Amino acid sequence: MARIVVVGAGVVALGTAMLLAGDGHQVIMLERDPEGPPDDPIEAWESWERPGLNQFRLGHVFLGGFRAIVEAELPEVAKTLQDYGALRLNLVRDVLPAQMTGGWRDGDEYYEWLTGRRVLVEAVLAAAAGSAPGVEVRRGTAVAGLSTGASAQAGVPHVTGVRTKAGESIAADLVVDMSGRRSALPGWLADIGARPPAEELEDCGFVYFGRHFRSADGSLPAMIGPPQMRWGTVSSLTLPADNGTWSVVLVTSSKDTVLRSLREADRWEAVVRALPLAAHWLDGTPIDDGVQVMARLEDRYRGFVVDGKPVATGVVAAADSWACSNPANGRGASIGMLHALVLRDQLRAVGLADPAEFAAAFHAATAETVEPWYLATDRHWLGEIEASLRGVAYDPPDDWYQLEKALGAASGQDPECLRASLDIQLVLRPPEEVFARPGLREKALRLGSGWRDEPSFGPTREQLLALATSP
């Protein structure tokens with residue numbers, strides 16, 4: 001079995017480490033933040049600080065794709081999450097009316113979430129990884145660069161471990177970078193003379209303003225609208241979480257500078273109260289110190305096999321270190337765990353005896369299994385906002401965009417379209433597989449043809465500005 005260094009110890013990295021250790025690998029996790037969670041995950045919200053993660057206390061959701069993998073591969077972790085109050089929620093069973101769902105069907109259990117605040121979910125996984133045989137978590141250990149040895153492929157550097165900022169060298173048969181959106185891996189690769197990875201990069205274009213709440217009796221607000229709702233130039237996320245808590249997030253374009261006032265709690269609350277399907281989510285006690293703001297995020301994809309040749313062997317990037325997009329879609333943890341399975345399975349199938357073969361196999365499996373989920377939908381979302389600001393319609397000549405919008409509209413009219421939409425939204429089945437179902441594409445386009453005419457029940461732009469700027 002291999003000695004594997006995982007850089008980072010977030011939710012997906014912790015899950016990955018346990019998957020790999022379950023196959024007998026020795027896993028060393030290196031996390032730059034020094035503090036670990038308290039013994040009781042319930043206390044983590046009040047006491048655990050993760051300065052390396054500016055989204056640590058922003059709203060999160062862990063969808064059906066995440067739940068399905070954790071239950072199948074790490075069942076004790078799933079049980080512990082539930083024991084500590086993580087929420088099991090199935091929209092078909094618990095929220096949507098029978099006339100919309102067509103009633104409960106075999107397979108609908110697949111649509112269940114297992115979700116909670118990011119802080120609690122990570123605390124539970126950190127405790128599980130910390131006690132898992134074969135996993136060592138070293139906190140307060142920042143990586144400075146990569147170590148190299150004899151090349152496994154002509155002209156390609158081979159990584160044999162990492163160097164920490166404290167000057168320690170840690171040997172590894174494989175380094176897995178899971179340090180997240182702001183991964184320094186391209187710089188580390190440049191330092192060892194590797195070619196740069198293929199990279200697509202642009203500003204995400206969104207700003208997120210969020211708060212968490214708790215009810216007095218452990219109940220949650222009624223879900224009378226979808227978790228993500230678009231109201232012209234602002235969108236809302238209403239995300240149920242653990243132990244009677246939930247989050248509300250407003251999402252705006254980073255170019256919409258007038259709405260930066262939403263960082264002020266009274267302006268933020270005024271706007272949320274004007275959103276008819278989200279206003280009642282304010283009926284709880286805030287459990288944070290004010291509006292949490294996240295901005296300056298990037299949409300990014302990195303390919304580490306260029307022109308058929310890896311830029312380096314002995315190192316791979318997974319989850320957000322490989323590709324990341326708008327977190328408002330809530331897919332990050334599910335896609336990340338899917339990538340973890342790809343890594344685990346390629347180590348089983350190919351192994352590390354030939355590092356170049358493994359690099360090629362991991363790249364190909366990532367492209368086939370994970371890349372279809374890296375959907376560049378942010379440009380359309382931003383396009384809708386910018387068109388709304390100009391008072392014009394947004395109707396790009398993009399067949400996938402048109403199909404996605406039609407499916408969303410059709411899901412309220414037809415049980416098959418509803419489940420197809422859930423399959424995609426919850427990261428259970430990729431869009432191309434879903435739309436390959438006989439007759440689905442045509443049905444969605446027919447039933448959802450009026451999506452452009454759906455009314456908005458939120459405030460007008462003028463009303464929104466008044467709410468956001470009035471003293």
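Predicted model: local features only at pLDDT ≥ 70, side-chain atom pairs only at ≥ 80, totals over all residues.

Colleague: How many residues does the largest nonpolar core have?

Modeller: In soluble globular proteins, nonpolar side chains tend to be buried together. A nonpolar core is a set of buried Ala, Val, Leu, Ile, Met, Phe, Trp, Tyr and Cys residues joined through side-chain atoms within 4.5 Å. Buried means under 20% relative accessible area, exposed over 50%, and partly exposed in between, with a 1.4 Å probe and protein chains only. Here the largest core has 88 residues. V5, M29, L146, V175, V176, L189 and L343 have the most contacts inside it. Apart from that core lies another, of 48 residues, including W113 and L275.

Colleague: Which residues is V5 in contact with?

Modeller: Contact means heavy atoms within 4.5 Å. Skip neighbours within four places in sequence, and V5 contacts I28, L30, V162, I170, A171, A172, L174, V175 and V176.

Colleague: Now helix packing. At what angle do α1 and α10 cross?

Modeller: Two packed helices are described by the angle between their axes and the distance between the axes. Helices are DSSP runs (H or I, at least four residues), as are strands (E, at least two), numbered from the N terminus. Axes are lines fitted to C-alpha atoms, for helices over the stretch in contact, and angles run from 0 to 180 degrees between N-to-C directions. Helix α1 (residues 11-22) and helix α10 (residues 332-349) cross at roughly 25°, with axes that come within 9 Å. The two are therefore roughly parallel; angles under 35 degrees count as that, over 145 as roughly antiparallel, 65 to 115 as roughly perpendicular and the rest as oblique. Their crossing is right-handed. On the α1 side, the contact includes V12, T16 and L19; on the α10 side, it includes G336, A340 and L343.

Colleague: Is the crossing of α1 and α7 left-handed or right-handed?

Modeller: Left-handed. The axes of α1 and helix α7 (residues 118-130) come within 9 Å and cross at roughly 25°. This pair is therefore roughly parallel too.

Colleague: What is phi for D307?

Modeller: Most residues other than glycine have a negative phi. D307 has a positive one, near 55°. D307 sits in the loop between β18 (305-306) and β19 (309-310), and is exposed at 77% relative accessibility. V427 also has a positive phi, about 60°, although not a glycine. V427 lies in the loop between α14 and α15 (431-435), but is buried at 8%.

Colleague: Which side chain does Y401 join in a polar contact?

Modeller: A polar contact is a pair of N or O atoms within 3.5 Å; within protein, one must be able to donate a hydrogen and the other to accept it, and residues adjacent in sequence count only if both atoms are side-chain atoms. The partner of Y401 is E384, at 2.7 Å. Y401 lies in helix α13 (residues 399-410) and is buried, at 3% relative accessible area.

Colleague: And where does S421 lie?

Modeller: In helix α14 (residues 415-425). S421 is buried at 6% relative accessibility. The S421 side chain makes a polar contact of 2.6 Å with the side chain of Q425.

Terms used
Residues numbered from 1 in each chain as written. Heavy atoms only, no water. Left-handed = near helix turned anticlockwise from the far one by under 90°.
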